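Please walk through the structure shown below, one region at a time.

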Amino acid sequence: MVRILPMTSAIRPSFAAVTTSRLVANLSSSSRLHSVHFASSTLESHSQRYGLKACKLFRREGINKSARTIVSMAQGSTTITQETALEWVKSDKRRMLHVVYRVGDLDRTIKFYTECLGMKLLRKRDIPEEKYTNAFLGYGPEDSHFVIELTYNYGVDKYDIGTAFGHFGIAVDDVAKTVDLIKAKGGTVTREPGPVKGGKSVIAFIEDPDGYKFELIERGPTPEPLCQVMLRVGDLDRSIAFHEKAFGMELLRRRDNPEYKVSWRMCL
């Protein structure tokens, strides 16, 4: 963020309790899905190698910096060759930390995610002076898994999701069984279980209590069930280039569906 972009209340930037430094991408200031966090476990060690203090760098320049930008800023104190910079990028252990979005009823959403989607409530914190509460949920510890950070702003029970956010993808062993459970808990199913168009993968679509969409994907056991975040962009090539250069992601695959006038690109 800068961590959490406020809607109706001012929310002070803060760091999650993880042992890594982070690179951050803000996604939207107008919808409830408002940021995704990235981490770099080698940022501090490499900053010290190049004569920089990571904490001072963040305070002076802000935390929305790419690895390459941070390295280039170090040139004022230490000469860095192109080979050294490339070595830094290759050894960097970045990963996505969590996605943050706003909900209207925190307890209701936690109940749905834990009972229907099998997530665990990892931790919860209340900041009364800033009038908001956070809850972190996922399928494993924050230091090794991608997790969801829910934000509840005091007195705000409804938001406009907007058109940029698409859905989250969750891998499950049995889509039909999961959908039955969600129906039994009063959840909304917007697409019944069945093979994806033009493929064999069994999927279904559901909505959480606030209207966020989840795609259930039938797969075998996986250490990270929370496997996708689908966003819509205005310029696909520009977005791909940004994620590759700023965050070191790789383009995994691409798919064009001219009959639906849509193109997909998947980066990791």
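Gly 118 follows helix α5 and has a positive phi, near 75 degrees. Helix α5 itself covers residues 106–116. At its start, a side-chain oxygen of Asp 105 comes to within 3.4 Å of the backbone nitrogen of Asp 107. The buried residues of α5 are Leu 106, Thr 109, Ile 110, Phe 112, Tyr 113 and Cys 116. An α-helix has 3.6 residues a turn, so residues three or four places apart point the same way. The spacing of the buried positions in α5 can be read with that in mind.

A positive phi also occurs at a residue other than glycine: Lys 131 has a phi of about 60 degrees. Lys 131 is placed in the loop between β4 (120–127) and β5 (132–138).

Over the whole structure, a search finds nine aromatic pairs. In one of them, the rings of Phe 165 and Tyr 212 have centres 5.6 Å apart and planes at 75 degrees; the pair is therefore edge-to-face. Phe 165 is in strand β7 (residues 165–172), whereas Tyr 212 is in the loop between β9 (202–207) and β10, so that the pair links distant parts of the chain, 47 residues apart. Phe 165 and Tyr 212 are both buried.

Phe 168 and Phe 214 make another aromatic pair, this one tilted, with 5.1 Å from centre to centre and 35 degrees between the planes. Because Phe 168 lies in strand β7 and Phe 214 in strand β10, the pair ties together parts that are 46 residues apart in sequence. Phe 168 has a relative accessible area of 0% and is buried. Phe 214 also counts as buried, at 0% relative accessibility.

Strand β10 (residues 213–218) also holds Glu 215, the position at which an unreviewed UniProt entry places the feature "active site". Is Glu 215 buried or exposed? Its relative accessibility is 12%, and the cut-off for buried is under 20%, so Glu 215 counts as buried. Beyond its neighbours within four places in sequence, Glu 215 is in contact with His 167, Phe 168, Gly 169, Ile 170, Ile 203, Ala 204, Phe 205 and Gln 228.

Another buried position is Val 99 in strand β3 (residues 94–102), at 0% relative accessibility. Val 99 and Glu 149 are 50 residues apart in sequence, yet their C-alpha atoms are 6.0 Å apart in space.

It remains to consider confidence. The protein has an average pLDDT of 75, and 62% of the residues score at least 70. Confidence is highest in β5, at 98, and lowest in helix α2 (residues 54–61), at a mean of 37. Residues 1–31 stay under 50 in pLDDT, and the model has 121 contacts beyond four places in sequence for them. Residues 41–78 likewise stay under 50, with 63 such contacts. Where pLDDT is low, the predicted coordinates should not be read in detail.

Notes: Residues are numbered from 1 along each chain as its sequence is written. This is a predicted model: local features need pLDDT of at least 70, side-chain atom pairs count only at pLDDT 80 or more; totals for chains, interfaces and linings use all residues. Side-chain values use heavy atoms; hydrogens and water are left out. UniProt positions are given in the numbering used here, feature names are shortened, and annotations may be inferred rather than shown by experiment. Helices (H or I, at least four residues) and strands (E, at least two) are DSSP runs, numbered from the N terminus. Buried means under 20% relative accessible area, exposed over 50%, partly exposed in between (1.4 Å probe, protein chains only). Contact means heavy atoms within 4.5 Å. pLDDT is the predictor's confidence in each residue, from 0 to 100. A polar contact is a pair of N or O atoms within 3.5 Å; within protein, one must be able to donate a hydrogen and the other to accept it, and residues adjacent in sequence count only if both atoms are side-chain atoms. Rings of Phe, Tyr and Trp (its six-membered ring) pair if their centres lie within 6.5 Å; planes under 30 degrees apart count as stacked, over 60 as edge-to-face and the rest as tilted.
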